[in-house]
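Biologist: Could you walk me through this one, a piece at a time? I'd like to start with the domains and then move on to the helices.

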Amino acid sequence: MRLRLAMIFAFALVVASACEREERRLNQPSPPAPVQFVAQVPLQPGPNVITDSTEGPFDDNAFGTAQGQQLFSQMNCAGCHSHGGGGMGPALMDDQWIYGSTPAQIFASIAEGRANGMPSWKYRLTNEQIWQLVAYVRSLSGLTPKGARPTRSDEMNVKPAPSQTPNAKPKRSGPNPGND
Amino acid sequence: MHSAFDPASPQARAIAHLWWWMFGVGASVWLIVVVAMFLALRGKRGERGPDDLSHASPELRTRLERTVKGALFVTVLILVGFLAFDFTVGRALAAAPTKMLTIELTGHQWWWEVQYADTNPSRRLVTANEMHVPVGRPVQFRFQSRDVIHSFWAPSLHGKRDLIPGYSSSLWFVADTPGVYRGQCAEFCGLQHAKMAFVIRAEPQADFDRWLEASAASPPPPSDSTAAYGQRVFMSAGCAVCHTIGGTQAQATVGPVLTHLKSRMTIAAGTLTNTRENLGRWVLNPQQIKPGTQMPPSPLSTVQLDALLAYLETLK
Amino acid sequence: MTNPHAALPADVTIAPDEIERESRALSTVWSDGSGLWAWLTTVDHKTVSKRLIVTAFLMFIAGGIEAALMRAQLSRPENTLIGPDRYSQLFTTHGTTMMFLFAVPIMTAMGLYFVPLMVGARSLAFPRLNAFGFWNYVVAVVFLYVSLFVNTAPDTGWFAYVPLSGPQYSPGHRVDVWAQVVTFTEISALTAAVNIIVTTFKMRAPGMSLNRIPIFVWAQLVVAFMIVFAMPAVATASTLMLATDRAVSMHWFNPAEGGDALLWQHVFWFFGHPEVYIIFLPALGMITPIIETFCRRKVFGYTPIVMANITTAFFAFGLWVHHMFATPIPELGQSLFTAASILIAIPTGVQIFCWLATMWASRPKLTVPMLFVLGFIFTFVNGGITGVMLASVAFDKQAHDTFFVVAHLHYVLLGGGVMPLLGAFYFWFPKFTGRVLSERLGKWHFWLFVIGVNVTFFPMHILGLQGMPRRVYTYLAPTGWGPLNLVATIGAVTIATSVLLFLVNAVMAMRRAPDAGPNPWGASGLEWAVASPPPNYNFLHAPVVESRHPLWDTTVDLPVLTGFRSDRREVLVTTTFDARPDSRHEAPKGSIWPLYLALCMGVLFIGSIFSPWFVPGGIALSLLGLAGWGWTGSKPTSHERVATPAAVPEHA
């Protein structure tokens, strides 16, 4: 009897943790954009650090990250960023982040655009699409959970697949590390 | 029309002819076997021996042997005959004429990119999901796939051909009856495989030439103010990030070309009829109609949507 | 009939109390013990096969539920019961369950249970290998069904074509689950095949030369060879190529880096076509004993039937491109496969003609097993004929990947595989359990099943040619496909009802005490010479066989060979062709190593989805298991050559 109960409990546990990674969120409302103010660097006057700690909604979702990979190619991000190695634009697969590597900061970079050539995509892509791109960009440097990162693409592979990139811890942006 | 039972080309007709022969012979064979089975059940032909087993008399045994050998012989004859017949049908279908109209089809998840190649640039045309072909003239389709394996199948016109990434394949036929023929993707290609259809309209050569010329040209700029506003909505609300409309600044190749959208009978790869209401539903939320499709919802206000639809309706 | 034991006095029998003593000693030595440990470590081929059969039947029901859900969704155009994502998981799991977790395992399980009994052996050649195969199968079942409940069920079809199932277009681990389920089931099938081949060749009763083997055993033997040649192909495709493509970025199927998307199809279908004959041929092997028993007649054309089985097996390996007729493979090459696909109908036709001839010269008794044989002829011949139609490249280009093929494959699998299997269940149920199933409920089951199969799948021929492709989660109303789809759904409900009746029949029968004797049908095989169910040592003494129908051709008790030890598990090994006694071996007792090793396989392959480090780790754990397995194997002193007693009759 106890064995049976234990089995049922184990099964329920497994089902309850039913994979976020495998969700295909079709026909769902778009996750909202981060709040207005997103700090781009950690330097701030005073002790209170105002940042947006919104989680990337697709960071742990394999399907969303794959959609981000597709958008990366369709929107020609590779035209400036190459496949993460950078060119006219900065590299995306290293750990140097001019404007921050948190999901909200990358969202802001894509949506608002940045100086020196990064276009603003706010009125071109939906919030859901930008979040998918955020998940993909973060996967390039190993910042998202390994299981959700894309493996190789069906193209000429100029770099190792994100799933084979070593895990990285989020690093602060800017030249002077602060108390982030 | 979209059925192998309704052929509209000599190729489809040859296959249908082959089918009816196979059906006739096959059904007869099946009937003979089943009748033999029933007759075997009713017989009291064996004699029970002292060991309580049935034994066949030597004459019965000989008769049975001869019948089985005869049945085998007839089976081999039928099968070899069928093999020969099939070879002749296959050879006839494969003999491609030299001068054909060429249409290049690229499969995407989940729509068909159509290109009419031509040496004359003013007759080159890129469209999506719907194509016209001239009646009575051989048409060759050349296939490529942009992502996964798809399969082009218009049952009234011919069998199917797979579109395999890394390969180019082709198919040719002659549409000999004017009409509208529907086809569908026939190789599982992902979430919206079920709604990846296309339409082929076969029309007389003169009509076809007229259509080709009109389609290769760009539509005129919108004349009334609502449509003009609609064009601005199109350019600024994200539509131009993915779609092309000939003669405008929208030249993206991510999604289907929309240059002559109003001239199509269906939208969303054959999923909806091309009415204003359906177009509005599709634009507002494609995920409702084809969950998983690449096109995202567009958060437009009623005014913006009305203007956009007015503009799209000028794209004849 | 001459007395074959002319060298022995005619009245030599064995005293009853001697029999009693020996059977008690043997049942002690061959017993598994009791408790959880015994349950986990048993290597008794009957216990393990029965578990396999029950689990495979549960998989049939699970696959049937998936099918019922699909039919519910397709019963109306634009139905919203099931969305595209769930639907693709359903049809993939349905196909994978039915092909890998039901059809092949249940056919091999019938062989693993009956081949030793039919050839007069006490056990399989490699009992622990059998248990290892079973536990691998259990890992596959648990893995697939847990994944279904955590939204990780595979969703690219049971055939998983790349590039859709490749890393770019199938993100996540769904397809990896599929690849490893295939790995486990293919290990399981290979172990079963090895066991059947060696048991059939080396452990037959004295006197059972190769041309006296029951046709059931011939079919299992031929299929075992097919498994040995076909399964490595799917292992290469799924485990070696697809899994590594997805996990460590190999480029087998990436055209941009020199790979080829069609390569997958070739390697998969090289396995995939023999796979369906692996399912079909054992079912044909079950028909002969049923017809013989209920027509009370030795089958017409033993040798042609055996040759037909062997020919079918050879031909089956030369057909695979007929699954690829719509791809840009040169037409001349495709035509060769047309010819082979048409000609394979001939050996199957030979078997059917021989069975009809058997029935013709006798008075068939229409018991439920016999009814299922008739249902087989009625249904399978239809499927075989549509198969020959599909061999035509031109016609196949219209019918490929449509519901016409769905109709064909279900007619041959349900008509040609499941109907004989159901007949076999009714026929051999007394031998498995000691009880006879109800004839009345059985007849209801039969009629509902046959009617259900035909009502469900016949309209699909029409739907396919009317333009309905496969693997669609819905269709538009103007296509006109609605009415026939509704008819098919009604047929599906009928099939479900019939299966329910069978379950009720089985449960009700199990409630009774065992009351069937050794041979309730008066059949002729050696398995009917022992009690129902058989004792754990199968045969008290090794039977000596002088004909193809041992129980029909002896007027006195079956002649036997005595002198075996009853203080250890002893089996007799005989020569390959003439089955003359050769040596005695000690069979292994219960062992935990098969379960341990199967769990190591689970860790190795399931872990490899998440990290390559599980591969060397899993191998290290497995080496431990192999060491344990080998350590507890039979000792050198446990084999003894046997001098052929003069009294054993030579092959006549």
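Modeller: Chain B is divided into domain 1 (10-40 + 57-94), domain 2 (101-215) and domain 3 (225-312), with bounds that come from an automatic or database domain assignment. This is a predicted model, in which local features need pLDDT of at least 70 and side-chain atom pairs count only at pLDDT 80 or more, while totals for chains, interfaces and linings use all residues. Residues are numbered from 1 along each chain as its sequence is written, and chains are lettered from A and ligands numbered from 1 in the order in which they are written.

Biologist: How far apart are domain 2 and domain 3 of chain B?

Modeller: Their C-alpha centres lie 22 Å apart. The contact takes 19 residues from domain 2 of chain B and 16 residues from domain 3 of chain B, where two residues are in contact if their C-beta atoms, placed from the backbone, lie within 7 Å.

Biologist: Which elements give two or more residues to the domain 2 side?

Modeller: Those are strand S4 (111-116), strand S5 (125-128) and strand S12 (197-203) of chain B; strands here are DSSP runs of E with at least two residues, helices are runs of H or I with at least four, and both are numbered from the N terminus. The residues on that side of domain 2 of chain B divide into ten nonpolar, five polar and four charged, counting Ala, Val, Leu, Ile, Met, Phe, Trp, Tyr, Cys and Pro as nonpolar, Asp, Glu, Lys and Arg as charged, and the others, Gly among them, as polar.

Biologist: Switching to chain C, at what angle do H8 and H12 pack?

Modeller: Helix H8 (residues 261-295) of chain C and helix H12 (residues 368-390) of chain C pack at an angle of about 125°, with their axes 9 Å apart; axes are lines fitted to C-alpha atoms over the stretch in contact, and angles run from 0 to 180 degrees between N-to-C directions. That makes H8(C) oblique to H12(C), since angles under 35 degrees count as roughly parallel, over 145 as roughly antiparallel, 65 to 115 as roughly perpendicular and the rest as oblique.

Biologist: And which residues make the contact?

Modeller: H8(C) gives Ile287(C), Ile290(C), Ile291(C) and Phe294(C), and H12(C) gives Pro369(C), Met370(C), Val373(C) and Phe376(C). By class, that contact has eight nonpolar, no polar and no charged residues.

Biologist: Is Leu262(C) buried or exposed?

Modeller: Leu262(C), in helix H8 of chain C, is buried because 20 other C-beta atoms lie within 10 Å; the cut-off for buried is 20 or more, exposed is 12 or fewer, and partly exposed is in between. Leu262(C) touches Ile164(B) and Thr327(C), not counting residues up to four places away in sequence.
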